Amino acid sequence: MSNLKMKEAALIYLDRSGGLQKFIDDCKFYNDSKQSYAVYRFSILINPSDIVELDAELGNYILHQPLKAAQVFQSVCFIAVKTLSLIGQLQTEAQINIVLKLTHLPPLRSYSLDLCEFPLDYASQRFYMMQGIVIAMTTVTKYTQGARFLCSDEACPLSKGFEYIRVHVPGATESATVRNDFLCNLCSSSLQEDRKFRVLGDKQIVEIITAKALHAFQGYSNNQPFRYQSLTIFLRDESVSKMNIGNEYKIIGIPTCVRTSQTAVCIEANSIISCNPEVPSGISDNFRYLLSLTSSSCWKFTAILANIFASQIVPPGTYNLLKLCLLMSLVQTSDRNKELKDCLDILIMTSDTLLVDRLLNFSIKLVPRGIRHPVSTEIFPTLSRNKYGTGAVSIQAGSALLAKGGICFIGDLASHKKDKLEQLQSVVESRSITVYIPGKKFGDDINQQMTFPVQCSFWSFVDMDSSSRRNMQKTNTLIGRMDCSLIPANLVEAFGLLINCNESSSCYPLISTVQHTLKKAIDPEELLYVASKKFTTEDFEKLLAFAKNLNVEFSLEAERMIHGYYLASRRIRTDSISGSKLSASALKYLVSLAEAHARLNLRNKVLKEDVLIAALLFETSLTLKYAIKCPGDSNIFGRR
């Protein structure tokens, strides 16, 4: 009686939710098709809240015994097909394959699977919700959705018909669905597959890590050893190709144990939900008060921010130009799974790599996707064989794709090999990376290629005092131009901002920096300045999180000014021999700089004052690259 009641509740739910009409439409597709089917697959969308309210027992069945719950819907659908004569070729209930797709799970701890906890529950065969970032995925391959078997003894009545139907269930391997040692229940003869009725589906394997694991790429340690491990997700049919490398998702699925060369816990995905974090509601009271005090000027607030930023690493008032550029690059990041168009790449020329390295490493920790590229890994995607023996190629993300929407700090540019620098130049210019998959190497007949968008800003530096650089003869170096001879000129050009950080100049007092370093060595946790106490690291995190989610638009005056500057700058840097020295992306960087300064000022509109800062920073960078400065007349900004 309980089973009959659940079937009745399932029918009522299908009718109320619109699932019954969708089922009828799907049946019409099968019935009108000229192809013969052994298995008819139907996907039913389930809202757990609605179904629990309708019938608590059926809701509990779906949440905690999903495989048995699918059998309830299978029986209901079979009766509906026969009663309404929806599919004329259907003979047995076993031919109906029901897949229940959940919209969500109850927001309770018992339904959440934390990837940081151990051991993981893979024995209960029920739904869990987990969240993670995609770090690897395979190419799409085929698997057996369902197959028809017949008794090999022709005298047996089960040598015909559709009594022996096997379908894939969550956690089952290919050999569990199709193999040659099945026996007839009636005569114990061996069963043989009728291959012309085999139904194939698409399959893809994805690896995810918890967002907490990104701390491993940001230098967090707290003097505590830690490790992270990826979790394997199996995507099938409708879920295939719905996940992208670098994006974060919530996944509803059933944990299973897969035995290969090593036993591993995997997830059979049921539903995939894209993650978009909440937008911060505001900034700290201290920053709000500072903003009100500086409201009379469009430049004071950002100037003070640059002055006091990273006072844990360098004394206030030092490296202000670099810190301003870092803050502007940080507000151009994004926490959402959307296209990041306005990247700000920064290349720093310095003779104090240790201090700059610390400053950049401190800065990337202020955004969720700040990645410090480990020397032992690859910046861009690489290929490997899939460990589950499916014949698919596994594409590993690399630091750049893992830093999607954030910052990829790749360290000293001169430490990378020539081929890697050429690849970096290509990626920075095109904002995409193409991975070539040789078919012969991975057991396929054809070659493939996959292109991934690279949506992060690159930070790097060059050591101007390296031994190889000191021993080089510097000839024909123009006044004002930095010697970048160890780095390909095209790569230097590809970076939007080139910054000179020379602590021996009057802008960077050496004594205060030395005193700061010594005090920090004695007590790393001590707050040495008033600014460090009033404006904490958490305050800067909230400020950046709020600022980067502001939607900004250009005022008419700012738009005219930025186009006027670009055209004038392009004209003055063009000669008859080599053409224009301004890259095609120059205007894009100018726009990005102006938007970043407006966001850092917590404004929704880009003003002419933002364009002036953008032009100043851009001019400084161009001077370092080419040692050619535009004349200081007002015509450069489009005025008469």
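Student: Why is leucine 235 called buried?

Tutor: In this predicted model, leucine 235 has a relative accessible area of 0%. Buried means under 20%, so leucine 235 counts as buried.

Student: Where is leucine 235 found, and what does it touch?

Tutor: Leucine 235 is in strand 8, residues 231-236. Not counting residues up to four places away in sequence, leucine 235 touches Asp202, Lys203, Gln204, Val206, Val240, Met243, Ala269 and Ile272. Between the C-alpha atoms of leucine 235 and asparagine 270 there are 8.0 Å in space, and the two are 35 residues apart in sequence.

Student: How do you know whether asparagine 97 is buried or exposed?

Tutor: The relative accessibility of asparagine 97 is 8%. The limit for buried is under 20%, so asparagine 97 is buried. Asparagine 97 belongs to strand 2, residues 96-102. With neighbours within four places in sequence left aside, its contacts are Val39, Tyr40, Arg41, Phe42, Gln145 and Val167.

Student: How many aromatic pairs are there?

Tutor: The count is 15 aromatic pairs. One of them is formed by tyrosine 30 and tyrosine 40.

Student: What makes the pair of tyrosine 30 and tyrosine 40 edge-to-face?

Tutor: The ring centres are 5.1 Å apart and the planes stand at 90 degrees. A pair needs centres within 6.5 Å, and edge-to-face needs planes over 60 degrees apart. Tyrosine 30 lies in helix 2 (residues 19-32) and tyrosine 40 in strand 1 (residues 40-46), 10 residues apart. Tyrosine 30 and tyrosine 40 are both buried.

Student: Why is the pair of phenylalanine 287 and phenylalanine 535 called tilted?

Tutor: Its planes are 35 degrees apart, with 4.8 Å from centre to centre. Stacked means under 30 degrees, edge-to-face means over 60, and the rest are tilted; therefore this pair is tilted.

Student: What parts does that pair tie together?

Tutor: Phenylalanine 287 is in helix 7 (residues 285-293), and phenylalanine 535 is in the loop between helix 16 (530-534) and helix 17 (537-547), so the pair ties together parts 248 residues apart in sequence. Both phenylalanine 287 and phenylalanine 535 are buried.

Student: Which residues do ring pairs link into a cluster?

Tutor: The cluster consists of Phe23, Phe29, Tyr30, Tyr37, Tyr40 and Phe42.

Student: How do you know that arginine 126 lies over the face of tyrosine 128?

Tutor: Arginine 126 is 4.2 Å from the ring centre of tyrosine 128 and lies over its face. The distance limit is within 6 Å, so the distance of 4.2 Å qualifies. The charged end of lysine 588 sits over the ring of tyrosine 589, 5.2 Å from its centre.

Definitions and conventions: Residues are numbered from 1 along each chain as its sequence is written. This is a predicted model: local features need pLDDT of at least 70, side-chain atom pairs count only at pLDDT 80 or more; totals for chains, interfaces and linings use all residues. Side-chain values use heavy atoms; hydrogens and water are left out. Rings of Phe, Tyr and Trp (its six-membered ring) pair if their centres lie within 6.5 Å; planes under 30 degrees apart count as stacked, over 60 as edge-to-face and the rest as tilted. Helices (H or I, at least four residues) and strands (E, at least two) are DSSP runs, numbered from the N terminus. Buried means under 20% relative accessible area, exposed over 50%, partly exposed in between (1.4 Å probe, protein chains only). A charge sits over a ring if NZ of Lys or CZ of Arg is within 6 Å of the ring centre and within 35 degrees of the ring normal. Contact means heavy atoms within 4.5 Å.
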